[in-house]
Amino acid sequence: MAVTCFIRYEIDPFQREAFKQYAENWHRIIPRLGGRLLGYFLPLEGSNYEAWGLVGFGSLAEYEAYRARLRADADAVENFAYAQRERFILREERTFLAQVAL
């Protein structure tokens, strides 16, 4: 069963550009490591502190293998370090979703 990892971020609205750079970095890292990047989304109007990332996988097992590759990849490790250093992500949560067949 295909799954989508839905990541909800609470971001510092004054560091929107830093989060944008973080998301742009994932655009080249995630596909290389086996994830199907569906997109990163910044707030445009309304709430100014919620951002989202969506990444697809063929199964939860594929997600787990991807996470192992992520922990070993220098670019991914640096992107995580960038987020910690700059402190623009205040909170992060993951939900795994299955698409409802039409």
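Author: Keep in mind that this is a predicted model. The buried residues of helix 3 pack against helix 1 (16-32), helix 2 (60-72) and strand 4 (89-97).

Reader: Which residues of helix 3 are the buried ones?
Author: They are A76, N79, Y82 and A83. Looking down the axis of helix 3, you'd find these buried residues within an arc of 115 degrees, so they line one face of the helix. A74 and Q84, on the other side, are exposed.

Reader: What makes D73 a cap for helix 3?
Author: A side-chain oxygen of D73 lies 3.1 Å from the backbone nitrogen of D75. The cut-off for a polar contact is 3.5 Å, so D73 caps the N-terminal end of helix 3.

Reader: Why is the pair of Y9 and Y22 called edge-to-face?
Author: Their planes are 85 degrees apart, and over 60 counts as edge-to-face. The centres are 6.3 Å apart, while the limit for pairing is 6.5 Å. Y9 sits in strand 1 (residues 3-11) and Y22 in helix 1, so the pair ties together parts 13 residues apart in sequence.

Reader: Why does Y22 count as buried?
Author: Its relative accessibility is 2%, and buried means under 20%, so Y22 qualifies.

Reader: What kind of aromatic pair do Y22 and F88 form?
Author: Edge-to-face, with 65 degrees between the planes and 5.5 Å centre to centre. F88 lies in the loop between helix 3 and strand 4, and Y22 in helix 1, so this pair ties together parts 66 residues apart in sequence.

Technical notes. Residues are numbered from 1 along each chain as its sequence is written. This is a predicted model: local features need pLDDT of at least 70, side-chain atom pairs count only at pLDDT 80 or more; totals for chains, interfaces and linings use all residues. Side-chain values use heavy atoms; hydrogens and water are left out. Buried means under 20% relative accessible area, exposed over 50%, partly exposed in between (1.4 Å probe, protein chains only). Helices (H or I, at least four residues) and strands (E, at least two) are DSSP runs, numbered from the N terminus. The arc is that of the directions from the helix axis to the C-beta atoms. Contact means heavy atoms within 4.5 Å. A polar contact is a pair of N or O atoms within 3.5 Å; within protein, one must be able to donate a hydrogen and the other to accept it, and residues adjacent in sequence count only if both atoms are side-chain atoms. Rings of Phe, Tyr and Trp (its six-membered ring) pair if their centres lie within 6.5 Å; planes under 30 degrees apart count as stacked, over 60 as edge-to-face and the rest as tilted.
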